[in-house]
Amino acid sequence: MTLIGMLHHREDPKNVKKSYAYATVAKAEGIDFFYFTPRKVNIKEQKILGKAYENGEWIEKEFPFPDAIYNASYPVSDKAEQIFDYLSKRIPFTSHSIGDKLSVYNRINQAKEFEQYLIPFYKITDVQIVFHMIKLYGKVIIKPLSGHQGGGIVFIEEYGENHYKINETGVRSIINKKQLVDFISLKIKEKGYLVQQFISCQIKSGHVFDFRLHLQKNGEGKWVITSIFPRIGRFGSITANMGSGGYSTYLDSFLKIEFDDSWYDMKRYLEQFALSFSNHFDSLYDSVSLDELGIDVGIDENQKLWLFEVNWRPGPPVIYKLELDVARNTILYAKYLSDTRKHKLDNTTDKF
């Protein structure tokens with residue numbers, strides 16, 4: 001029987017809400033499952049002191065090294081990172097980082113196939129890059145290279161001669177050129193930022209919106225759509241991110257209201273883009289195979305699709321109750337990785 005381990009930095013699985021969903025799904029699929037942390041790995045003995053969910057509680061037990069590992073979080077210390085590295089060289093991990101926003105953009109841009117969906121942007125190395133982009137497009141946003149949930153995004157727009165409108169997390173102001181220079185200089189010192197053309201995607205009410213395309217690999221190692229849902233920003237916001245006060249609703253209802261008779265064509269367009277892009281993007285990583293993507297796209301007033309961002313380890317909104325769907329895909333994909341590895345090892349042994 002396949003044994004899958006869930007690797008996380010938190011000691012108690014009760015503090016990791018999704019751990020119960022993964023344990024439940026694994027049991028339903030006839031797969032042995034346990035939860036563990038780097039601190040409980042005994043490399044010398046090739047054993048792990050983990051926790052299995054039995055009769056309504058997490059029971060600590062000793063386990064052999066698993067057949068595959070769902071690495072559910074980052075290592076939080078140098079020692080933990082050493083354990084992660086040791087295990088990942090010997091056991092298939094489900095998840096692999098895609099890199100920061102700039103490296104993702106460059107991969108897609110260099111591959112050409114999906115470059116028409118990219119929004120022009122540059123890493124901010126000096127303030128003149130921002131002013132060059134403002135001159136080109138009139139409206140830009142700046143955001144952290146490694147930010148998430150819409151944090152740190154600032155909207156900048158030309159406003160008369162040597163003045164600019166800015167919107168930072170809903171706080172609006174008008175500043176002069178010197179103030180903008182100082183503002184950008186401070187951002188550069190804080191951490192890596194990029195500047196990007198601002199693309200307006202608004203629904204009929206004037207709220208900004210985008211779509212999250214959530215995809216995973218399944219038990220056959222193939223990309224499947226877990227969910228597609230719209231995200232609508234609060235009025236006056238420049239982003240539709242759920243973490244910035246945005247909200248969601250059901251896809252079909254939203255499309256029927258916003259796209260009228262062409263709603264089904266738009267739904268099919270989003271589905272086809274989601275699958276074709278995921279397969280293409282996965283192929284851009286030579287050394288690893290990706291397992292899960294959250295692709296954020298917008299549709300402008302001309303119904304042109306724009307690729308806003310590609311995220312690693314996205315989370316579905318609460319409204320969809322998809323915890324078990326997400327867990328099932330992950331568990332079955334982990335089993336697929338285990339079976340594939342065993343098949344390769346068997347073939348190698350047969351040759352000798």
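Predicted model: local features only at pLDDT ≥ 70, side-chain atom pairs only at ≥ 80, totals over all residues.
The largest nonpolar core holds 44 residues. I108, F211, L213 and F281 touch the most other members. Seven elements each supply at least two residues of this core: α3 (101–111), β13 (209–217), β14 (223–232), α6 (251–259), α7 (263–283), β16 (292–299) and β17 (305–312). Of these, α7 gives the most, with seven residues. In soluble globular proteins, nonpolar side chains tend to be buried together.

F211 was examined for its contacts. Leaving aside residues up to four places away in sequence, F211 touches F229, P230, L251, F254, L255, F259, L270, I295, D296, V297 and I299.

Helix α6 has a buried side. Its buried residues are L251, F254, L255, E258 and F259. They lie on the same side of α6 because they cover an arc of only 95° around the axis. An α-helix has 3.6 residues a turn, so residues three or four places apart point the same way. The buried residues of α6 pack against β13, β14, α7 and β16. After α6 comes D260, with a positive phi near 50°.

Positive phi values also occur in two loops. K112 has a phi near 75°, and this residue is not a glycine. K112 sits in the loop between α3 and β7 (121–123). Its relative accessibility is 49%, so K112 counts as partly exposed. N162, also not a glycine, has a phi near 60°. The loop that holds N162 runs between β9 (154–158) and β10 (163–168). N162 counts as partly exposed because its relative accessibility is 40%.

Two helices, α1 (18–28) and α8 (323–350), each supply at least two residues of the lining. By class, the lining has twelve nonpolar residues, six charged residues and one polar residue.

Key
Residues numbered from 1 in each chain as written. Heavy atoms only, no water. Helix = DSSP H or I, 4+ residues; strand = E, 2+ residues; numbered from the N terminus. Nonpolar A, V, L, I, M, F, W, Y, C, P; charged D, E, K, R; others polar. Core = buried A, V, L, I, M, F, W, Y, C linked by side-chain atoms within 4.5 Å. Buried < 20%, exposed > 50% of the residue type's maximum accessible area, 1.4 Å probe, protein only. Contact = heavy atoms within 4.5 Å. Arc of directions from axis to C-beta.
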